[in-house]
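I opened this model to look up a few things. My notes follow the structure.

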Amino acid sequence: MKRTLIFAYVALLLGPASYAQQDSPARPPMEAQAPRPALPSRSSPPAQAVVPVPVPIAPPKPNGPVQKSLVRITATAVEPDYKAPWNAGAIQRGVGAGFVIEGNRILTNAHVVSNSRYLTVERDSDPNKYPAKVLFIANDCDLALITVDAPNFFKNMVPLKFGGIPSLESTVSAYGYPIGGERMSVTTGIVSRIDFQLYTHSSIDQHLAVQISAQINPGNSGGPVMQNGKVIGVAFQGYSGDVAQGVAYMIPTPVINRFLKDVSNGHYDKYVDLAISYSKLQNPAQRKFLGLKDDNRGVLVSTVVEAGPSANVLRSGDVLLTIDDHPIASDGNVELEGEPADFQEVVERKFKGGSVKLDIWRDKQPMTVKIEFVKTAWPYLIQGHSYDVRPRYVLYGGLLFQPLNLDLLEANRSTDLRLRHFFEYFILEQLYLQHPDVIVLANILPDPINTYLAPYRGGIVDEINGKKIRTLDDLANSFAEAPERIVIRMIGDGPPLVLDRNKVEAARERIKTRYNVLKEQNLEEQPGSNTPKQANKI
Amino acid sequence: MVLKHSVITLGIVLVAATGALAKKESAVPATLSKQKQLALVRVNVTGQSYDYFRPWQKKAPISKRALGAVLSKGRVLVTADLVTNQNYVELERAESGEKTAAKVQVIDYEANLALLEPVEKTFLDGITPLEITPDTVVGDRLAAWQLEPTGALVATEGLVTTVQMTPYPIDIGEFLTYRVSIPMQYRENSYTVPLVKNNKLAGLLLRYDPRSQLLDAIPAPIITHFLKEAENQNYRGFPAAGFSFFPTRDPELREFSGETGKGGGVYITNVEPNTPAMKAGLQIGDIVTAVANNEIDQNGNYVDPLYGKIEFTNLLTAHAYSGDVVPFRIQRSGKPMQLNMTLEHRDAKDYVSPPYNFDQPPRYYVVGGLIFQELSRQYLKEWGPAWQREAPQRLVYLDRFQSELFPQGNRRVVILSQVLPANSTIGYDDLSYLTVTRVNGKEIKSLGDLAEAVKQPIEGGFIKIETEEDPKQIELDAAQVTAEAPNLQENYGISALHRLD
């Protein structure tokens, strides 16, 4: 039984693939069959027929001339190289879709344009490729807005309008540029499920997502999913065919609308979060112990993250009874617009600077508290993928020190038990309080001065010459001010790593030249693409 | 180190390799077949290991067949893993098929050796016992002795390629090992295979990798040590010093430790509490330069008269006995010093997470469907050979870094292992592998603590369990737990709700 659970977990984490089409020109078609033409558009009014279940699926309802709104986006991206962080990284080309919305903007997925250095868009019946630029990018909900400066580009384009959340079993059509041909493709399916899902682009954020049975494939990413002539979602991820069949997801309009509203002030502030963990309160004895009524209400606060907005407001053992006056059921659900939803959905709709009101039950007494979303719980960020940032590192004596995060772990394919523990329990054990940066001796560039140091690789720096190292800046400062002998203590019971400053200085140029190291340290993640001025790196 | 992972114990390997190896038989050397009464008996064992996921029961019985080497005084030598968790051991004369029950006289799980004695004292009469030859060196040829179903000898010859320190199946410390390159053949009784030189016992098979045809053997010096120790009234086991070390090849580390020049020595990285090393006053940062008057080089090797360079831990296992006083020459901050270390065996129970537990049932405590157990490597090994990857990683972490995380030692980690769905555990069904910190307000450092604490419910008649991980707290209704207990036992077939001895 235990093994089954583990496999399921792996499948969930690895399964959903983001559907930007990478290097599409080189990839052969998956099956040797004639490319299917795009469905002809019809002008008859949409029929209101109920979709029969099970399949065959009802013919798709026409959504109008989507070609006049759809664009094909080609992004040339530079993926940071965490193994040689001084290098620019690998250059990759990907194809995705996007569509025009009001205000001369094009909506697409963040993963289509993240890390991009050059963007072009193309449209139907126009031989030109138009250079484009990123306006806003939201990696936490996989959405981005781009635009084209060419004065006439938007002239003949038709901005699409948004609808609501489609009902279960209703038919939807997905538009995009998936593998199998060059021109626009349409696939149809029905709405299979509406639930919270992991967004694999960051691999840490969970939001509402709608599962559809329409086939979406690499290249569909960022394309509109439509119903009755309106956009009801953006296709973004799904399972590959060897994991699950016909499981694709789209980002529904509540998430899209939140993104558009967030950026309306000129910058993207990201999602806000209570930064707590909670447990369901379904056990009668536990309810009685807490002095709760037998009314199926309330969830128990387990952990309050100190770096989050709930610190000093909520504490472990509190019971959350209502959120903005919505009663919270003992399984964590609230009723929003007549539908059950996770109570965190109430927080999902908030913005930075906003607040939420909670009725809580503490020590058998009712209380009302307000949580203001001023600070964001930054420790979560190391557990997700980063984009449009330069890896931070310090190279000293051929020793490459890097802060621990998901990108570093994946680049090194690390299975080190201690590193994995620091990664997994960074938040729950509040490790970030002692180690805001968990600094790893990630690699060693061999040189006579470090020839005996290989066993230290993978270690986590604790202190240097008796001084605790909390951040990469601390480390860089320690090296800069170091006396003749540098004694680095790693976490755990290994020996100290000892360096002779004069020898390191003497080796600097040698190591830089031998390994073609352009820069010995980078302490700043450059501002991300969500800062409009920096966004366009063309 | 690579070897440790690629080599598997023979018992497992040979079952899989039946077909492939059965055909490759070599002729029996004429000189050996002349011997009339081989000093070998068949050993048939039925064993049952404990089920750590359902700790009130044992797993289905498994039968193993092996060979035992007949030694003097009517004793039969086998590997410990053959007879661990045994219910019944039987000796069988190879030539006649005559059988008798046997009992385990002494067993050492760490050295993987056990002595059996037949219940019927005269059973081994007529067999000339094997002598032991302790002088095997690299380049010697050893014969692996197996038996045909007829009782005839099958001998395969191999070459000793290396003598080195390697971890034994119970992975605590390393022991002397012979590595032999040998094309072994499958026989159903291949669990314990004697290795023989000039008709004298040179070693016992420890593990065999049929692909590389490399065999690791428990060498005669370890067997001799075991036999000598076994003559004591109370078997004490091999000594353990309780420190870890690191080479001093790095000149910067040497200079930092106050060493100059090209001298030898190892850097002490850890000294565990309540161990001979700590009692002797060894400290982190000391450089150990000689042990038992043998100089140690920068890699931790001394020059053995028989084997040449070999890791100095051999001086503390094969060469020394519990109770021996071993002189350590050290450098502390550049000053030479001598420490005298009185060696002792370290019992599995002296660890926070015991490295092994055999022939004894696991401790557990069931409260209203919550199953509490103590963390041990035996528990983690329920996840199979890849347990370090497959078992809950938090528990693997606690086990691996136990001396660092619990520097005081002298405690256990109590875990809420699983939850059996019942009325009192509604809503808790998904909880597993949580570490328990307090019960009813009392700190929990062993299952005994938990058993005591559970008996004293807090105000309102609740049992409150606090965990390190989410959900942090779990409450049960003490009266409901008691009332529901008979039902729980009945439904899940739990013979007893707890075992603490």
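I am working with a predicted model, where local features need pLDDT of at least 70, side-chain atom pairs count only at pLDDT 80 or more, and totals for chains, interfaces and linings use all residues. Residues are numbered from 1 along each chain as its sequence is written, and chains are lettered from A and ligands numbered from 1 in the order in which they are written.

**Chain A against chain B.** I looked up the contact between the chains. It involves 31 residues of chain A and 32 residues of chain B. I take two residues as in contact if their C-beta atoms, placed from the backbone, lie within 7 Å. On the chain A side, β15 (276-280), α4 (284-290), β16 (299-304), α7 (417-424), β28 (485-490) and β29 (497-500) each supply at least two residues. Helices (H or I, at least four residues) and strands (E, at least two) are DSSP runs, numbered from the N terminus. α4(A) gives the most to this side, with 4 residues. I then sorted the chain A side by type: 14 nonpolar, 12 polar and 5 charged. Here Ala, Val, Leu, Ile, Met, Phe, Trp, Tyr, Cys and Pro count as nonpolar, Asp, Glu, Lys and Arg as charged, and the others, Gly among them, as polar.

**Domains of chain B.** Chain B is divided into domain 1 (2-230), domain 2 (243-342) and domain 3 (350-499). The bounds come from an automatic or database domain assignment. The contact between domain 1 and domain 3 of chain B takes 11 residues from domain 1 and 14 residues from domain 3. The domain 1 side divides into 8 nonpolar, 2 polar and 1 charged.

**Asp108(B).** I found Asp108(B) in strand β5 (residues 99-108) of chain B. Is Asp108(B) buried or exposed? Asp108(B) is buried, because 21 other C-beta atoms lie within 10 Å. The cut-offs are 20 or more for buried, 12 or fewer for exposed, and partly exposed in between, with C-beta atoms placed from the backbone. Beyond its neighbours within four places in sequence, Asp108(B) is in contact with Ala80(B), Leu113(B), Phe226(B) and Gly237(B).

**Strand β11 of chain A.** 7 of the 8 residues of β11(A) (residues 205-212) are buried, so this strand is largely enclosed by the rest of the structure. β10(A) (residues 185-199) runs antiparallel to β11(A), with 8 bridges. Strands pair if DSSP finds at least two bridges between them. Arg193(A) stands opposite Gln211(A). β10(A) and β11(A) form a hairpin with 5 residues between them, and Ser203(A) in the turn has a positive phi of about 65 degrees. 3 bridges join β11(A) to the antiparallel β14(A) (residues 248-252). There, Ala248(A) is the bridge partner of Ile212(A).
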